[in-house]
Amino acid sequence: MGIMRIGHVSLRVMDMAAAVKHYENVLGMQTTMKDKRGNVYLKCWDEWDKYSLILTPSEQAGLNHVAYKVEHDADLDALQKRIEAYGIHTDMLPEGDLPATGRMLRFNMPSGHEMRLYTQKECVGTEVGSVNPDPWPDNIKGAGVKWLDHLALVCELNPQSNVNHVADNVKFFKSCLDFYLSEQGLVGPNASIQAIAFMFRATKPHDIAFLPGPKAGVHHISFFLDSWHDVLKAADVMAKNKVKIDLAPTRHGITRGETVYFFDPSGNRNETFAGLGYLAQPDRPINTWTEDSLWRGILFHSGEPYAAFTDVYT
């Protein structure tokens, strides 16, 4: 019952042709659909639903919404009642409001980010199929990302004004959406401020992360690769295509993931991410990072502050 996994992210881009070229040639995604409003829909080779990324033309980069897939249609009604009882307004969008997708429950997180839940999306199958499938397809381009893995949202944190939307989101996700907390960063007097949070629904360390900032935004969307070698290859592909790299290949202490961060042509931060890290389970003790070790959690190799990583987002 309930939420299974991330389903798609809808991003605003300022140059559609450049954005499509980036996600197709650098990440290796495939365009599966375009609509009359100029939106472009893409998927990764090992995803079976019709799309996991929607690019919408805009004059400003950033997030439109994130959507998670729910197991049963009846779960949407149960979750709507729970969210409304929590005090958050919801809308039930009809089937077809997004192409190839069933009805969607729409609401805003306490941080202000738009979230949607849905059950049905057209299944088109993976690139290798489901009958005697090969381990990988022969037509992989670029980094060859396998699936959309997670995203990180920037949430307003202003202790002087008693505003902490990181903690607010954690409470909401635990109470209403049955997410579990895997890792957190505590700062301030007596470690009283929850400044970073990583949450999961299945068995990987995170399906969503909340980071602090002066205003709401999206920090990055992340795509999965198998190994450290694949992350290094992805960085080579980025260099070859003159992509702006934010952080060269490194490792996180938080989640133990292997990573490289970079930007799409509109300035939306992307990540290619590898490594299970650990088996996330509801009874697993929460990893807590103290203020003096927080940068080691973010950048395990150097452990040094990197201001652009926290200050730059869309």
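The face of α4 turned away from its buried side carries His229, Asp236, Ala239 and Lys240, which are exposed (over 50% relative accessible area, with buried meaning under 20% and partly exposed in between, using a 1.4 Å probe on protein chains only). Keep in mind that this is a predicted model: local features need pLDDT of at least 70, side-chain atom pairs count only at pLDDT 80 or more, and totals for chains, interfaces and linings use all residues. Residues are numbered from 1 along each chain as its sequence is written, and side-chain values use heavy atoms, with hydrogens and water left out.

Back to α4: its buried residues are Val231, Ala234, Ala235, Val237 and Met238. They sit on the same side of α4, because they cover an arc of only 160° around the axis (taken from the directions from the helix axis to the C-beta atoms). The cover over them includes α1 (16-26), β14 (217-225), β15, β16 and β17 (269-274); helices here are DSSP runs of H or I with at least four residues, strands are runs of E with at least two, and both are numbered from the N terminus. Just past the helix, Lys242 takes a positive phi of about 55°.

Now for α2, residues 73-86. Its 14 residues should span 20 Å at 1.5 Å a residue, and the end C-alpha atoms are 21 Å apart, which agrees (the expected span is 1.5 Å times one less than the number of residues). Asp75, Leu76, Leu79 and Ile83 are the buried ones in α2. They share one side of α2, since their arc around the axis is only 100°. Ala74, Lys81 and Ala85 are exposed on the other side. Gly87 follows α2 with a positive phi near 105°.

Leu79 and Ile83 turn up again among the residues that Leu177 touches, as do Ile3, Phe107 and Met115, not counting residues up to four places away in sequence (contact means heavy atoms within 4.5 Å). Leu177 is also one of the residues touching the most other members of the largest nonpolar core, which has 61 residues; such a core is a set of buried Ala, Val, Leu, Ile, Met, Phe, Trp, Tyr and Cys residues joined through side-chain atoms within 4.5 Å.

Last stop: Thr255, in the loop between β15 (245-251) and β16 (258-263). Thr255 counts as buried because its relative accessibility is 1%. Leaving aside neighbours within four places in sequence, its contacts include Glu183, Phe198, His206 and Tyr278.
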